[in-house]
Amino acid sequence: IPECAVREVKEEIGLDIRLGIALPETRYPVSSGIKAVHYWAANGTNAKPRPDGKEVDGVRWCPPEEAAALLTNPTDRLPLEALVTAHQDGDLDTWPLIIVPHAKAKPRSSWARAEGDRPLAATGQRQAKAVSRLLQAWHPDRVVSSPWLRCVQTMGPYVNTRKPKFKTVDALTEHNAKRKPGKARLAVDNLFEKARPVALCTHRPVLPLVFGVLAEQMEDWMAALLPDKDPYLAPGEVVVCQVSRRNPRRIISLERYRPFDD
C-alpha cells in the first residue's frame, strides 16, 4: 500500500514524495463491496505539482477550512482533520526510523561454514528486491546493518538503487548482541542522534533488544503494538517509526508492512 501511494502521487501529479505519519483511513461502500482508502502526510522532494490531466485536472492550494468545504465525500474530512491536528501539535515534521529483519536465509542445518557467511536463499533474494521497492516510500538516506552476509544482501538492492550512506555495526550480529546486549541497545539508540531517515537491518534474535529501545521513546499504548512474540516479524517485514523533530527522540507514529513479493 505505501508503494502504491507513492507511485500514484508520482503518476498523477508528478511529485516524488517521502511518506510521513499515517493518517486515518476511510471506508465507504462501492458496487463491489467496501472500499478502504489510506492516507499519509508527506513531503514533496522536487518541483511543483504537475497534474496528469486524467486522474487530476488541476492543483489548488487553500486553507484547511476551504479544503474541507470543497470535499464532496464527507469521509475525506477525517484525514484532513487529522492532518490539521498534527500540524497544530507540531507532529508533521518527522523523520522515519525503519526496522528490517533480514530476508529468508539458507537454513542453518544445511550450512557448514561460518554463520556470518550464511547467505540469502533464492526466496530471500526476491524478498530483498521487494524490500528495496517498499523502502522507497520513505527513501532513508542512511542504512545501518549487521555485517553478516544475509543482512548486507537484504539491503543490497536498496543500497545499489538509492545510494544511501551504508554502515555495518558489529554489535548488531546475533553473537555479539547475545554476548553484549548493552552494546546492541546502544547501537540502536545511536540511530536517534542524527535525526535523519534511517533503516536498520538485523537478525530475528536481536529484535527484542531493538524494540525495547524503541518502546522507551513512545507512549505505552504504542509500545504495546510492537511485536513481542517470536518470530516478531516475517523475513523482510518492516516496522516504520516516525520520529518528531520538534520533540527529539519521541516516536509519534508506528506502522508495520510486509513487502509485496511477486
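Is Tyr257 buried or exposed, going by its relative accessible area? Tyr257 has a relative accessible area of 17%, and buried means under 20%, so Tyr257 is buried. Keep in mind that this is a predicted model.

Now the partner of Tyr257. The ring centres of Trp138 and Tyr257 are 5.9 Å apart and the planes are at 35°, so this pair is tilted. Trp138 sits in the loop between H4 and strand E4, residues 142-145. Tyr257 belongs to strand E8, residues 251-257.

Trp95 is in strand E3, residues 94-101, while Phe192 is in the loop between helix H7, 181-189, and strand E6, 198-202. These positions are 97 residues apart in sequence, so the pair ties those parts together. Both Trp95 and Phe192 are buried.

Next, two helices. H4 covers residues 122-135 and H5 covers residues 149-162; their axes are 8 Å apart, at an angle of about 45°. That angle makes H4 oblique to H5. The crossing of H4 and H5 is right-handed.

Which residues meet there? From H4 they are Ala128, Lys129, Ser132 and Leu135. From H5 they are Gln153, Thr154, Met155, Pro157, Tyr158 and Thr161. By type, the residues of this contact are 5 nonpolar, 4 polar and 1 charged.

Notes: Residues numbered from 1 in each chain as written. Predicted model: local features only at pLDDT ≥ 70, side-chain atom pairs only at ≥ 80, totals over all residues. Heavy atoms only, no water. Axes fitted to C-alpha atoms, helices over the stretch in contact; angles between N-to-C directions. Helix = DSSP H or I, 4+ residues; strand = E, 2+ residues; numbered from the N terminus. Parallel < 35°, antiparallel > 145°, perpendicular 65-115°, else oblique. Left-handed = near helix turned anticlockwise from the far one by under 90°. Contact = heavy atoms within 4.5 Å. Nonpolar A, V, L, I, M, F, W, Y, C, P; charged D, E, K, R; others polar. Buried < 20%, exposed > 50% of the residue type's maximum accessible area, 1.4 Å probe, protein only. Phe/Tyr/Trp six-rings, centres within 6.5 Å; stacked < 30°, edge-to-face > 60°.
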